[in-house]
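Here are my notes on the model you sent over. I have set them out as numbered points, so that you can read each one beside the structure.

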Amino acid sequence: MRTPNELLKLRCAVQHYEWGRRGDASLVARLCGPAADIDPALPYAELWMGTHPSAPSVVLPAGDTLHSRLGRDLPFLLKVLSVAKPLSIQAHPDKALAEALHQLRPARYRDANHKPEMAIAVTEFHALFGFAGIQELKDVIRTLPEVGELIGHEDASKLMTAKEYHDDNDVKFLLQSAFANLMTASKEVVSKTVNKLKGRLNVESKIRTLTEKEQLILSLATQYPDDVGVVAALLLNYIKLSPGEAIYIGANEPHAYLSGECIECMATSDNVVRAGLTHKYRDVKTFCSMLTYNQVFPEILRGVPVQTFVRRYTPPCDEFEVDCCLLPPGEMVVMSTAQSPSIVLVLAGEGEIQVIGSMLDGGKAEEGDVFCVPEHTEVKVSACGHSSLQIYRAGVNRRSLK
């Protein structure tokens, strides 16, 4: 039986989705090592840390689940993602829609919770998120007529004459109509359009430098030659995050992760409505009807210093927040207490971790180690060795506990 303030060391589940990086090229694989056990042919896509029933973390050495040890579920799930190929264009339902989808199609939508999430870049990280602004959409329609053909000439003409600050609801209605035309086009028409688009960009690349987004479209067209998501990507914002930068993805916002590695935290749910860049089940009708159709470039979050060596990423949802601690060699920090259990991941470096006030000795904290810290518990972390110790800590958003 553990003492109330004892750290719980965890063994966490790896997901081998096809889009993951393979072998030791994957951060996920390196975190769950040892190196000799890494299969170079296997994709290591995600590391899950929490109580989600699909892949619950296990307490070492006993082997019981974290859920059973805590006596309850955590409201958040912490992940590491290693992305080699684009994930699907998708959105996550709000709570009301999640409940309805779960009731109607429980085999597809296995829980009734929403899934707000935040991605913090570990390497340069590329993603699609939200709809591009009117001017960018006009440029796409003007320079790539194949797009106008797919969304319909009437809607394309209306978008071309829409004003930047036109009535917000009118623009959203127009964008929803155009996007629905695109997403429901027949596979034959989509395939033809993607081929024409690919041919046009290949020709133009010989006489001008393609934009980053156009280069992305060529890459997507090679990987998904018959997929409407290739064209849909032109209507979305293309995001590039540097290490330490983050984006928050709320309910009903279209997005797709494209490449790179990140720390991801979300509400405990696996509800995903997919519509493009995927061979999995697509729920296009639900996808098109659920979106907000907001045309805002997402806020880039960089964390706020909360103490020396610690930055906090606080999203506008109650379920989670994430601290990043970057500790130089020889330094130490006492991480503040929380009113609920938290998950600590050692991403890089080595050091020691100890509960303040515990009679137990501190333990090693090495790359890939994962701990659960009980509520109302102060933890001292020290960096050893010649490199910095990098730690991420996820817990319930403190503002929701006030």
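1. First, a word on terms: two strands count as a pair if DSSP finds at least two bridges between them. Helices (H or I, at least four residues) and strands (E, at least two) are DSSP runs, numbered from the N terminus. With that in hand, strand S19 (residues 342–348) and strand S22 (residues 370–373) are joined by four bridges in the antiparallel sense. Leucine 345 has valine 370 in S22 as its bridge partner.

2. Some ground rules before going further. This is a predicted model, in which local features need pLDDT of at least 70 and side-chain atom pairs count only at pLDDT 80 or more, while totals for chains, interfaces and linings use all residues. Residues are numbered from 1 along each chain as its sequence is written, and side-chain values use heavy atoms, with hydrogens and water left out.

3. The S19 and S22 pair belongs to an open sheet of eight strands, ordered S6-S1-S22-S19-S24-S17-S16-S15, with antiparallel pairing.

4. At the S15 end, please look at the hairpin. Strand S15 (residues 304–307) runs antiparallel to strand S16 (residues 310–313), and three bridges join them. Valine 304 lies opposite arginine 312 in S16. Two residues sit between the strands of this hairpin, and phenylalanine 309 takes a positive phi near 75° there.

5. A second open sheet has four strands in the order S18-S23-S20-S21, again with antiparallel pairing. Here strand S18 (332–335) and S21 are the edge strands; each has a single partner strand, so one side of each lacks a neighbour in the sheet. On average, neighbouring strands of this sheet are turned by 30° against each other, direction ignored. (Axes are lines fitted to C-alpha atoms, for helices over the stretch in contact, and angles run from 0 to 180 degrees between N-to-C directions.)

6. What joins the strands of this second sheet? S20 is linked to strand S23 (residues 379–384) by six bridges, in an antiparallel run. Glutamate 350 faces cysteine 384 in S23, and valine 355 has valine 379 as its bridge partner there. S18 and S23 also run antiparallel, with four bridges between them; valine 333 is partnered by valine 381 in S23.

7. Met332, Val334 and Ile356 make a nonpolar surface patch of about 210 Å². Patch residues have over 30% relative accessible area and no salt bridge; like charges are joined within 9 Å and nonpolar side chains (Val, Leu, Ile, Met, Phe, Trp, Tyr) within 5 Å. Areas come from the Shrake-Rupley method with a 1.4 Å probe, and for residues only the protein chains shown count as cover. Isoleucine 356 sits in the loop between strand S20 (350–355) and strand S21 (363–366). Its relative accessibility is 37%, so isoleucine 356 is classed as partly exposed; the classes are buried under 20%, exposed over 50%, and partly exposed in between.

8. Which residues of helix H6 (residues 153–161) are buried? They are Asp155, Ala156 and Leu159. Down the axis of H6 these buried residues fall within an arc of 100°, so they line one face of the helix; the arc is that of the directions from the helix axis to the C-beta atoms. His153, Glu154 and Thr161 are exposed on the other side of H6.

9. Now the charged pairs. A salt bridge is a side-chain nitrogen of Lys or Arg within 4 Å of a carboxyl oxygen of Asp or Glu, and by this rule there are 22. One of them pairs glutamate 136 with lysine 213, their closest N and O atoms being 2.7 Å apart. Glutamate 136 is in helix H4 (residues 134–143) and lysine 213 in helix H9 (residues 212–223), so the pair ties together parts 77 residues apart in sequence. Glutamate 136 is partly exposed at 31%, whereas lysine 213 is buried at 10%.

10. Arginine 398 and glutamate 321 also form a salt bridge (2.5 Å, N to O). This pair links distant parts of the chain, with arginine 398 in the segment after strand S24 (389–395) and glutamate 321 in strand S17 (residues 321–327), 77 residues apart. At 5% relative accessibility, glutamate 321 is buried.

Methods
Buried < 20%, exposed > 50% of the residue type's maximum accessible area, 1.4 Å probe, protein only.
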